[in-house]
Amino acid sequence: ELSTLAVEFNDLTDRLQKTEDGRRQFVSNASHELKTPLASIKLLADSVVQNENMSIEEVQEFLGDISQEITRLTRITERLLLLTRSDVKVQTSLTRVDMSYIVDRASYMLEPMAEHLDIDVRCELSDGCIVLAEEDGIYQAVFNLMENALKYNVKGGSVVVYTYIKDDKVYCIVDDTGIGMPHGELEKVFERFYRVDKARSRETGGTGLGLSIVKTTVEQFGGTVWAENRHPCGSRFT
């Protein structure tokens, strides 16, 4: 009887640990999902506050962009609330998503950050780069990659983003002239909580979750993602 009780106790302990691990993972993922639209809203609002000579038309345009990001934030919040009410994985509805539009939108939202960091951003986008995915998820993945390319770059550096089709596959590539990654750590960058430059991550507010979520999101829709170092410096995420 004591042996049976011990086994049951161990099983209960394991279940409680898995529940706690799941809760922590949910909180981490939720925090990071909310971070992207909130960062965009802050960038847009700061642009209005810091520009004293902005016209009414420009202010209205920025407010329109802020409204769009709030709508995106609302969709994400509703999805997270659904997760808390259910033990099953949230079913996302897949639609035809134009990757070139996604990149162009993310570039526009990150423009104030690029100007602040003195980094040139260029997009070379092809037509017809359509994938079957969930738009908010793919947007966040692209936004995260481009935001990282800015954060881990050097003053006066550059970021170039490409979209194109090859062998019936859609490619999205983010190149930067930043700090790059140590040899042998390219695979690790997609691991949860892994950070190449811990000091820089603390400085920029990095959580070590961004690339892990990028990988999970891309693979969820049947895609793949990988990282390379560029010569003579910088990184490439495909």
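By contact I mean heavy atoms within 4.5 Å. Among contacts in the protein chain between residues at least 6 apart in sequence, 72% join residues at least 24 apart.

This is a predicted model, in which local features need pLDDT of at least 70 and side-chain atom pairs count only at pLDDT 80 or more, while totals for chains, interfaces and linings use all residues. Residues are numbered from 1 along each chain as its sequence is written, and side-chain values use heavy atoms, with hydrogens and water left out.

The protein chain has 6 helices and 7 strands; these are DSSP runs, H or I of at least four residues for helices and E of at least two for strands, numbered from the N terminus. From the N terminus the order is α-α-β-α-β-β-α-β-β-α-α-β-β. Of the 238 residues, 38% count as buried, where buried means under 20% relative accessible area, exposed over 50%, and partly exposed in between, with a 1.4 Å probe and protein chains only.

Now helix H3, residues 99-117. H3 has 19 residues and spans 25 Å from first C-alpha to last, close to the 27 Å expected at 1.5 Å a residue; that expectation is 1.5 Å times one less than the number of residues. At the start of H3, a side-chain oxygen of Asp98 comes to within 3.0 Å of the backbone nitrogen of Ser100. Further along, H3 bends by about 50 degrees at Leu110, with Pro112 following within four residues. The bend is the angle between axes fitted to the seven residues ending at a position and the seven starting there. Buried residues of H3 include Ile102, Val103, Leu110 and Met113. After H3 comes Asp118, with a positive phi near 60 degrees.

Two of those names return with Glu147, which lies in helix H4, residues 135-151. Leaving aside residues up to four places away in sequence, Glu147 touches Ala39, Leu110 and Met113. Is Glu147 buried or exposed? Glu147 counts as buried because its relative accessibility is 8%.

Last, the cysteines. How many disulfides does a search of the whole structure find? The search finds 0, a disulfide being a pair of cysteine sulfur atoms within 2.5 Å. For Cys123, the nearest cysteine sulfur is that of Cys172, 9.0 Å away. Cys129 is buried, at 0% relative accessibility, whereas Cys123 is partly exposed at 27%.

Notes. Polar contact = N/O pair within 3.5 Å; in protein donor to acceptor, adjacent residues only side chain to side chain.
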